[in-house]
Structures are given as structure tokens and as C-alpha cells.
Amino acid sequence: MQTPPSILVIDDEPDNFDVVETLLDGENYRLCYAPSGQQALDRLKSFQPDVILLDIMMPDLDGMEVCRRIKADPQWQVVPIIVVTALTSKEDLAKCLATGADDFISKPISGVELRARVNSMLRIKQQYDNLQALLKLREDMVNMIVHDLQNPLASILLATEILQVPEVKTEKLHRKLDQIAIAVQQLQGLIDNLLLMAKLESDKMILNYTDVDICEICLSALANLEAIANQKQLTLVSELPQTNRTIKVDAAIFRRVLDNLLSNAIKFSPSNSQIILRAEYLDSGNIKVQVADFGPGVPVELRQRIFEKYEIGALIQEVSQIGLGLAFCKMAIEAHQGTITVEDNQPQGSIFTVFLKNSYEKVIGNS
């Protein structure tokens, strides 16, 4: 449940707080009261409100000085301050704004004006909070991408150094070349995901629909990831229809979806297990493609979130998790007017299912 916005009212007259509380009744705000400027500053050390209503005419520490101190502290300066004042001259109001106040309201207070100005400041604060969350997300995403880029690059560098040793035997030479090829493939996949997602999000991606043999593209995807699966002693299994048909899709995008789903299954599958790629023509004429694994599975409460950008579900040690692969799959399949879901495999694991409409299918022969 979302916490209601909090408003700190700073005023040396308790009756004025009662007026504000009455005028804002029913607005679902959490009101806090400080009877002096110093007490307000002390209170801010332990809690940060969403908006401050600040009286100007107070003894000891007046409102202008309180405003100046709040706005001088980076921790508090983003909190909007509405000055509540009986001063009416433009010079006085200009001084209030010069101390850092974001808005002002004149006494006696009008309920309509008070609610409007508070709502306006809350919108500004919410926009700021959203921006900060976005910047934090971007920072985390950049860190994750850098981390994911470092791993295959380190493999390439290490393998390259070994290849430079003259005494390296032919068998080890081929093994290191395979490691380089796999690392480059991982780098290329990550870069492709980022570029394609950016285009899909900006609506600049125009899908290039062509007739694609569903069995052929599935077998090609399996062959492409066979070396990576062998490293973990995983068996890739195909369960494809006997009659080959074409489906109208963007071949490059759909192939990236298969690569992502299979790569994901390889990441989370235990050694000496199977990963199964199935394709099926439904009676409705649509296509169903599934990738099944015997990994840890996806908890029910995460089955929607894992398709969101940068969501990684449960953290698994020594497994690269950047939270872009499944988000890309969802965006790509929905761009094709299809759906993607995840469910339990039996006795354990996950099954990712893609449904695609296939109004254009045609038989091209028997396998």
C-alpha cells in the first residue's frame, strides 16, 4: 500500500495548524507539526516530508532564515516549500522566493487555493522522485552491463594470452578458440539486445515480416548455442512438428527471442540436465513455441515481474543476471501481436511459452 504524502507545517501558532488540518481534511495527507523553526530543522534530521508549509512571521528563527537553511542542505533542498504569509508587498514576496521558497500563499488561507498549491508542489516532488529513481536505475543498469561485458572480455583476453605461448598443443589451441568464439557470441548477444530494445521502445523498429520455416529457425538456434550448452554438460533437445510450415515473422527478431530463451535456460539449468525446445501448430492456426528447463523455476509472485526491464527475480550466485533478456522477449513478441508466459515444469524447472498468430501459414513440405 502506498504511503500517503507527508506535509510538515511550521508555525508558532497551533491554531494555524488546526486551520490547515481542517482545510486539508479528506485529502489523504499525513500532517506533521513543528511550533518553531529550530524544532522543524531538528525534525528534518530524522524525516523528510514531501511538502513544507512555512510561516514567515515567527519569533527567534523567522521563516525566511528557516527556508534559507533548508535549501542550503542538499539532503533537504529538493523538498518544495510553500511560504504562508500575511505579507502582501511584492518586495516581501520577492524576498521569500529569493531564500529558496517554491511558492507562497497569503493569509487568510483559502481552502481551494491551499489544496491547489499543495497538489502542485506534490506533483513537482513526485516528478523529481521519479527522475531520481530513473537515474538510480540507469546507474545500476550501467554497472550491470559493465559487469556482464567484463566477463566475456576477460575470457577473450586470457585465451588470447594462452594462444600466444608457442608450446600450446593443438587440442588446447582449439579449446581456447572455442572459448573466444563463445565469449564473442555472448558480447554480441548483449549488444544486440540493447540496440533492439532501444528501437522497440522508441517505436523506430519496423518489423520485416518474411515467411520463415519454424523448424529450420528452431534447429538453427539450437545449433548456435550447442557449444555453450556443452560447457555446462547440458543436452539440447528438439521436439518439432513433422510437417514443416512457414510463419510470418521478422526472422532476425524472432531468432533473438529464441536465442534469449535458450540462453536463459542454459544459465539456470543444472549440469547434466536437458533443455527442450518445442514447436507446435495449434488447431486455431497459431504457433506455440516452448523452451523447457529443469532449473530452479520461477516463483509465482515473480512471473510477471521477470518480463520487466532490469528485473532479475531471484539472485543466483555466479550467474550473469542483467534483467534485459526476458524484457526484450516480451517486447519483441508483443510487437508481433503475440504473448509470452512462464509456468512450472515437472518435476522442476520452468516452461516459457510463446504464442504467435499465423494467418499466413503455408505448408512447404515434409521433413
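Helix H10, spanning residues 325–335, has Leu326, Ala327, Phe328, Cys329, Ala332 and Ile333 as buried residues. Keep in mind as you browse that this is a predicted model. Just past the end of H10, Gln337 adopts a positive phi of about 65 degrees.

**Nonpolar cores**

- The largest nonpolar core counts 44 residues, and Ile214, Phe254, Leu261 and Val289 are those with the most contacts inside it.
- Helix H9 (residues 251–268) is the biggest contributor to this core, giving eight residues.

**Aromatic pairs**

- The model has two aromatic pairs.
- In the pair formed by Phe307 and Phe352, the ring centres are 6.2 Å apart and the planes stand at 80 degrees, so this pair is edge-to-face; the cut-off for that label is an angle over 60 degrees.
- Phe307 sits in the loop between strand E10 (287–292) and H10, while Phe352 belongs to strand E12 (residues 350–356), so the pair ties together parts that are 45 residues apart in sequence.
- Phe307 and Phe352 are both buried.

**A nonpolar surface patch**

- On the surface, Leu131, Leu134 and Leu135 make up a nonpolar patch, and together they have about 280 Å² of accessible area.
- Leu135 is found in helix H5, which runs over residues 111–163.
- With a relative accessible area of 42%, Leu135 is partly exposed, because that class covers values between the 20% limit for buried and the 50% limit for exposed.
- As a reminder on helix geometry, an α-helix has 3.6 residues a turn, so residues three or four places apart point the same way.

- Lys267 itself is partly exposed, at a relative accessible area of 33%.
- How far apart are Lys267 and Lys232 in sequence and in space? They are separated by 35 residues along the chain and by 9.0 Å from C-alpha to C-alpha.

Definitions and conventions:
Residues numbered from 1 in each chain as written. Predicted model: local features only at pLDDT ≥ 70, side-chain atom pairs only at ≥ 80, totals over all residues. Heavy atoms only, no water. Buried < 20%, exposed > 50% of the residue type's maximum accessible area, 1.4 Å probe, protein only. Helix = DSSP H or I, 4+ residues; strand = E, 2+ residues; numbered from the N terminus. Patch = residues over 30% accessible without salt bridge, like charges linked within 9 Å, V, L, I, M, F, W, Y side chains within 5 Å. Areas by Shrake-Rupley, 256 points an atom, 1.4 Å probe, with all protein chains shown as cover. Salt bridge = Lys/Arg side-chain N within 4 Å of Asp/Glu carboxyl O. Core = buried A, V, L, I, M, F, W, Y, C linked by side-chain atoms within 4.5 Å. Phe/Tyr/Trp six-rings, centres within 6.5 Å; stacked < 30°, edge-to-face > 60°.
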